[in-house]
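Reader: I would like to learn how to read a model like this one, feature by feature. Could you walk me through it?

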Amino acid sequence: MNRNKQEGCIMFICTARFSKRKALTALLVLAVAAVMLILLFGGRRDKETAPDLPRTATNEERVAYLRSFGWEVEPEPLETLQFLLPEEMTEPYLAYNKLQLTQGFDLNNCRGKQVSRYTYAVTNYPGRPLGVQANLYVCEELPAAGDILCPGADGFQSALAFPEEGT
């Protein structure tokens, strides 16, 4: 008896024939579907598409996020504000977004969405023990923008990065 037979091995061969016209049509349909998906979901920023951003849904998460930059803040916000970011951004949003782009944020990702601004009192700004605030903007539980602000005649507005010594 010949024992060269392999047991349990099943092989299927499938072939398909179609014309170049059908292949181009299928390719065109796939390309249109891919473009539609990119347009539909390309601007979305959520927990799945932005895994590198920490959640800032709770007050504790927001305070921890600000502390990650080196800021010490009062544990409760001075003010909380919710607003709908317009679909078409105009001034002052465009100017503010320029500051945000320098630190890796882009408000364009939140156009037409509900945004919350949390304002905290900063307690460790170098040379200014009082009057400095940290604003954190949250969209879909993720940080969307932020700044350090000192209102008034000698005030300023800067990115969230802690200032280097001597600046």
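**Reading the fold and its features**

Author: Gladly. The chain's secondary structure comes to three helices and five strands, where helices (H or I, at least four residues) and strands (E, at least two) are DSSP runs numbered from the N terminus. From the N terminus on, these elements run α-α-β-α-β-β-β-β. This is a predicted model, in which local features need pLDDT of at least 70 and side-chain atom pairs count only at pLDDT 80 or more, while totals for chains, interfaces and linings use all residues. Residues are numbered from 1 along each chain as its sequence is written, and side-chain values use heavy atoms, with hydrogens and water left out.

Reader: What share of the 167 residues in the chain is buried?

Author: Buried means under 20% relative accessible area, exposed means over 50%, and partly exposed is in between (1.4 Å probe, protein chains only). Buried residues make up 29% of the 167 residues here. For contacts, the criterion is heavy atoms within 4.5 Å. Of the contacts in the chain with a separation of 6 or more, 62% are between residues 24 or more positions apart.

Reader: Which residues line the largest pocket?

Author: The general idea first: rolling a probe the size of a water molecule over the atoms shows where empty space is left. On a 1 Å grid over the protein atoms alone, a cavity is a set of points where a 1.4 Å probe fits but cannot get out, whereas a pocket is an open set with protein on both sides within 12 Å along at least five of seven lines; lining residues have an atom within 4 Å of a point. Grid points are joined across faces, edges and corners, and a volume is the space filled by probe spheres set on the points. In this model the largest pocket has a volume of about 170 Å³. Its lining consists of Leu-81, Phe-83, Leu-85, Pro-92, Tyr-93, Tyr-96, Leu-107, Val-115, Arg-117 and Tyr-137. Strand S1 (79-84), helix H3 (93-101) and strand S2 (114-121) are the elements that give two or more residues to this lining.

Reader: How many residues of that lining are nonpolar, polar and charged?

Author: Ala, Val, Leu, Ile, Met, Phe, Trp, Tyr, Cys and Pro count as nonpolar, Asp, Glu, Lys and Arg as charged, and the others, Gly among them, as polar. The lining divides into nine nonpolar, no polar and one charged. Pro-92 is placed in the loop between S1 and H3.

Reader: And the backbone angles: what is phi of Glu-140, and what is phi of Glu-141?

Author: Glu-140 has a positive phi of about 55 degrees although it is not a glycine. Glu-141, also a residue other than glycine, has phi near 70 degrees. Glu-140 is found in the loop between strand S3 (133-139) and strand S4 (142-150), and Glu-141 lies in the loop between S3 and S4. Glu-140 is partly exposed at 33% relative accessible area, and Glu-141 is partly exposed at 31%.

Reader: How many aromatic pairs does the structure hold?

Author: Rings of Phe, Tyr and Trp (its six-membered ring) pair if their centres lie within 6.5 Å; planes under 30 degrees apart count as stacked, over 60 as edge-to-face and the rest as tilted. The structure holds six such pairs. The rings of Tyr-65 and Phe-69 have centres 5.2 Å apart and planes at 85 degrees, so this pair is edge-to-face. Tyr-65 counts as buried at 10% relative accessibility, whereas Phe-69 is partly exposed at 27%. Phe-83 and Tyr-137 form another edge-to-face pair, 6.3 Å centre to centre with 80 degrees between the planes. That pair links distant parts of the chain, with Phe-83 in strand S1 and Tyr-137 in strand S3, 54 residues apart. Ring pairs also link Trp-71, Tyr-125, Phe-156 and Phe-162 into a cluster.

Reader: Which ring does the charged end of Arg-62 sit over?

Author: A charge sits over a ring if NZ of Lys or CZ of Arg is within 6 Å of the ring centre and within 35 degrees of the ring normal. The charged end of Arg-62 sits over the ring of Tyr-118, 3.6 Å from its centre.
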